[in-house]
Amino acid sequence: MPVTLLGFSWDASSSYSRGPAHGPSVIRSLIGSDASSPYALNGTDVRDAITAEDFAPLPADPAEARTAIEVRTQKALDAGAPLSLGGDHSVTYPILRAMRDKHGPLNILHIDAHTDLYDEFEGDRYSHASPFARAIEDECVNTLVQIGLRSVGPDERAFGERHGVIMLDADQLDAVPFEKLSAPLYVSIDLDGLDPAYAPGVSHPEPGGLSTRDVLSLLKRLPAAPVGADIVEYNPERDIGLMTAHVAARLAKELTAAMA
Ligand code: MN
Ligand code: MN
């Protein structure tokens, strides 16, 4: 499927620090950089696979921004599969609404240190701590498999168990139920799911996470071609050199190849 690369410069729904709004353009610059390979591990040339791009700015009002994200994702879905670069993780909820309208409830592989299942955070039901709670309520989700978790509170645990969410720690790679990740498959990668040793450029670093190789191995084993994916929470202000951006660009290339 042709891939549309979307950039959602949004960090007003973050609870702690700003910065992820600048993420998409930095990651984009590395995907297209002559200094790095244009090829995914399976040999796909991502320059051919990405057929369109949309990095338009978002409205400042959160509700208007969510609508814009949903509409732009719908447009990308008309052309094929959307690969979205964040931005904080709140962008995933409007993306998933558009995905649901096109493909029905999704099977989702969600890589993150956090469940993002808060009912609300600091009074905001659309915070970057809540996208999967909203997506479940809106029937965007068939199966949700979360891996890399290392900060699960009792309320999120209870919500997840009530809704059949499969919640796995970073050391439970062998427990990922790949058979449940069938079509229509969506992949959401919060970069803080990786260990800060690999991806320090995030707002909420949590030691004890996945390695870059762990994530690449997970993507290699996907039983279906994703119909959409996102990479979120890159915070250039926290990065060391561009090391996290390079990880994000590599993951973007692998997701592009998997969707193409
Ligand atoms: Mn997240
Ligand atoms: Mn997170």
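**Entry 1: helix packing**

I started with a helix pair and noted that α1 passes α8 in a right-handed crossing. The model I am reading is a predicted one. I looked up the extents: α1 covers residues 23-31 and α8 covers residues 243-259. Their axes come within 9 Å and cross at roughly 65 degrees. I therefore log α1 as roughly perpendicular to α8, since that class takes angles from 65 to 115 degrees.

Next I listed who makes the contact. From α1 I have Val 26, Ile 27, Leu 30 and Ile 31. From α8 I have Ala 245, His 246, Ala 248, Ala 249, Ala 252 and Lys 253. I sorted them by class: eight nonpolar, one polar and one charged.

**Entry 2: manganese site**

I moved to the manganese ion (ligand 2) and asked which protein atoms are its donors. I wrote down the sequence spacing of the donor residues as D-x1-H-x75-D-x1-D.

Asp 112 also bridges to the manganese ion (ligand 1). I read 3.3 Å between the two ions.

I then checked where the site draws from. His 114 sits in the loop between β4 (106-111) and α5 (131-137). Asp 190 belongs to strand β7 (residues 185-190). The two are 76 residues apart, so I note a link between distant parts of the chain.

Are His 114 and Asp 190 buried or exposed? His 114 has a relative accessible area of 16%, so I count it as buried. Asp 190 is at 2% and is buried too. The cut-off I apply is under 20%.

**Entry 3: cis peptide bonds**

I looked up two cis bonds. One joins Gly 86 and Gly 87, with omega about 10 degrees. Gly 87 is in the loop between β3 (81-86) and α4 (92-103). The other runs from Ala 183 to Pro 184, with omega near -5 degrees. I place Pro 184 in the loop between β6 (166-169) and β7.

**Entry 4: positive phi**

I noted Asp 116, a non-glycine residue with a positive phi of about 55 degrees. Glu 122 is not a glycine either, and its phi is near 50 degrees. I find Asp 116 in the loop between β4 and α5. Glu 122 lies in the loop between β4 and α5 as well.

Which of them is buried, and which exposed? Asp 116 counts as buried at 4% relative accessibility. Glu 122, at 64%, counts as exposed.

Technical notes
Residues numbered from 1 in each chain as written. Chains lettered and ligands numbered in written order. Predicted model: local features only at pLDDT ≥ 70, side-chain atom pairs only at ≥ 80, totals over all residues. Heavy atoms only, no water. Axes fitted to C-alpha atoms, helices over the stretch in contact; angles between N-to-C directions. Helix = DSSP H or I, 4+ residues; strand = E, 2+ residues; numbered from the N terminus. Parallel < 35°, antiparallel > 145°, perpendicular 65-115°, else oblique. Left-handed = near helix turned anticlockwise from the far one by under 90°. Contact = heavy atoms within 4.5 Å. Nonpolar A, V, L, I, M, F, W, Y, C, P; charged D, E, K, R; others polar. Donors = N, O, S within 2.8 Å, 3.2 Å for Na, K, Ca; no water. Buried < 20%, exposed > 50% of the residue type's maximum accessible area, 1.4 Å probe, protein only.
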